[in-house]
Amino acid sequence: MSFEWKLSGASLPVSGIVIAVISSFINGSTFVLQKKGILRSRARGGSYVRDAVWWSGTVFMIVGQIGNFLAYNVAPAAIVTPLGALGIFFGAVLASWTMKEHLNVLGKLGCVLCCCGSVLLIIHAPKAENVTTRLELEERLLDPVFLIYGVLVVLLLIVLIVWIAPVHGTSNIMVYVAICSLLGTFTVPSSKGLGIVAQDVFGRGSSSSGALALFLGFLGTLSISVLLQFLFITKALECFNSNIFEAIYYVVFTCSVILASALLYKEWTALMLTDCLAMLCALMTVCVGVVLLRISQEALLTWKKKGVWEKMD
């Protein structure tokens, strides 16, 4: 059952938002648990594959992906995806508790800005048109603009994975972030597509061969995308701070998914100018929050006493 809440004349799916929030908290703990498992295995001189904490993070990732799948089939991607900022907040707090990763005032302020930006994105995000049948989905998937975008993303992923990642992956965090974020272009449409096509495949009556082929295509695309994301997220956590990676990954992933969703569902055509400006401000707010999270790992805050200023005067 899907519940909706009226907000400024627009209908927000409460059930999808609740599932997305829970999934965000689960995903936020994923990075921390996997990072802690990697550090534990290094201290023992063994492989993280044999570490129970790392496997718990892997299980959390699977549960989080299932939650995302449910949320994307209940609410528009432009609403679900920005809620990932709540996972950044939870992950940062959990990392500071379990792995003693310092989270100073700048880091906490960055978490708050990420959450505030997400709320603004939810309020002003474009609402996807209702795509309830396989034929409507097939028509949108064959749109030339979306096809060109998909081909460009695939080519860019090939270049990043085959040539750039082996050379610069361990020294530049943006390589792994770009790979994992671009894979979201296929993860989200595949998740929504599975829910729509499943009605024809597993519903009453005989399903057509086209519906089954499309279902298997979505399932294969989703499986490959999730596995590749899992692989490169693990590689990133071996080399970089979990707070930094999760924050930057969230921003790039959100922008990538919103763009892909806008091209596929043509959501932006119904937006007013005020909503567009509000979304840009919300994205900038989140980006500023991520920058604060990034510099908080290296910044040293000092508070000068009042007496010092008096002597300077």
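A search of the whole structure turns up one cavity of 30 Å³ or more; a cavity is a set of points on a 1 Å grid over the protein atoms alone where a 1.4 Å probe fits but cannot get out. The model is predicted, so local features need pLDDT of at least 70 and side-chain atom pairs count only at pLDDT 80 or more, while totals for chains, interfaces and linings use all residues. Residues are numbered from 1 along each chain as its sequence is written, and side-chain values use heavy atoms, with hydrogens and water left out.

**The cavity**
- About 40 Å³ of space lies in the largest cavity, a volume being the space filled by probe spheres set on grid points joined across faces, edges and corners.
- Its lining (residues with an atom within 4 Å of a point) includes Ala77, Gly184, Lys192 and Tyr265.
- H8 supplies the largest share of this lining, five residues.
- By class, the cavity lining has six nonpolar, three polar and one charged residues; Ala, Val, Leu, Ile, Met, Phe, Trp, Tyr, Cys and Pro count as nonpolar, Asp, Glu, Lys and Arg as charged, and the others, Gly among them, as polar.

**The largest pocket**
- The largest pocket (an open set of points with protein on both sides within 12 Å along at least five of seven lines) has a volume of about 730 Å³.
- Of its 33 lining residues, Asn27, Met61, Gln65, Asn68 and Tyr249 are the closest to the centre.
- Helix H2 (52–72) is one of the helices that each supply at least two lining residues, and H2 gives the largest share, eight residues.
- The pocket lining has 19 nonpolar, 13 polar and one charged residues.

**Overall make-up**
- The protein has 12 helices and two strands, taken as DSSP runs (H or I, at least four residues; E, at least two) numbered from the N terminus.
- Buried residues (under 20% relative accessible area, 1.4 Å probe, protein chains only) make up 47% of the 313 residues.

Terms used:
Buried < 20%, exposed > 50% of the residue type's maximum accessible area, 1.4 Å probe, protein only.
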